[in-house]
Amino acid sequence: MMQQPSLKPRPTLDSLGIARKPVYLRKLKKRTAWDPQDISGNASRVFPKQTNSLFLVANEEDLYKVAAALNSGKSTHDGMNDGGSFIWITTDELEVCGIPLHPERDEQQIKCPAAQKLHKNAAGEEAVWLRLCKLLAQGNRLVPITEGQMKSMNQWLRPQGCWSYTENRIRKCDLCPSETAGL
Ligand SMILES: [Zn+2]
């Protein structure tokens, strides 16, 4: 292993306030989209459609792959270091609200097949999302990832050949199983 002296400590699920695992993560357009005091606002801002994308995260590696994959559509190299905010949802909470999950392919620019595998489409009527947001208002669900934290995740993930960092799908990726390569 090569020494990387400038490597910053990477965030853990615990350090980001994710109290359980596995959890589903929902990416927020911006951090202020989630307001624990505004339940109906959360429902319309965070789950604006009948079908909303979630990512199943069981450990730190999953989180890094998903966070990088969601940055990988950005046009600039620096875009990969953009932080971002998520909320976390337990499998029980989705079940209680009767929200089914479908592993359909997301048409976002997800280059990493390993992250793609964690993607689920969650479907529900408006009232269902409102019910979920009521549940989520209990406890702190916000997972804000800073630029520095994203940088440290990238420093770890990128050398492993994750496809989120490629222009094209041409590199071998140890984290991305070849059978899902989609070449
Ligand atoms: Zn990957």
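A helix axis here is a line fitted to the C-alpha atoms over the stretch in contact, and the angle between two such axes runs from 0 to 180 degrees between their N-to-C directions. The model is a predicted one. In it, the axes of helix H2, residues 60-71, and helix H6, residues 147-157, come within 10 Å and cross at roughly 105°. Angles of 65 to 115 degrees count as roughly perpendicular, and H2 and H6 are therefore roughly perpendicular to each other.

On the H2 side, the contact is made by Tyr64, Lys65, Ala67 and Ala68. H6 contributes Met150, Met153, Asn154, Trp156 and Leu157. Seven of the residues in this contact are nonpolar, one is polar and one is charged.

Which residues of H6 are buried? They are Gln149, Met150, Met153, Asn154 and Leu157. These residues cover an arc of only 140° around the axis, which means that they lie on the same side of H6. An α-helix has 3.6 residues a turn, so residues three or four places apart point the same way. The cover over the buried residues of H6 includes helix H2 and strand E6. Met150, Met153, Asn154 and Leu157 are buried, and they also take part in the contact with H2.

Six strands form an open sheet, in the order E4-E5-E2-E1-E3-E6, with antiparallel pairing. Strand E4 (101-102) and strand E6 (142-145) stand at the edges; each has a single partner strand, so one side of each is left without a neighbour in the sheet.

Strand E3, residues 84-90, runs antiparallel to E6 and is joined to it by four bridges. Within this pair of strands, Ser85 stands opposite Pro144 of E6, and Ile87 stands opposite Leu142 of E6. E3 is also joined to E1, by five bridges, and these two strands run antiparallel as well. Here Val23 has Thr90 of E3 as its bridge partner.

What precedes strand E1? The segment before E1 (23-27) contains Pro22. A cis peptide bond joins Lys21 and Pro22, with omega at about 0°.

Taken together, these elements can be traced from one to the next. E1 is bridged to E3, E3 is bridged to E6, and E6 is part of what covers the buried residues of H6. H2 is also part of that cover, and its axis crosses that of H6 at roughly 105°.

Definitions and conventions:
Residues numbered from 1 in each chain as written. Predicted model: local features only at pLDDT ≥ 70, side-chain atom pairs only at ≥ 80, totals over all residues. Parallel < 35°, antiparallel > 145°, perpendicular 65-115°, else oblique. Contact = placed C-beta atoms within 7 Å. Nonpolar A, V, L, I, M, F, W, Y, C, P; charged D, E, K, R; others polar. Pairing = 2+ DSSP bridges. Buried ≥ 20, exposed ≤ 12 C-beta atoms within 10 Å, placed from the backbone. Arc of directions from axis to C-beta.
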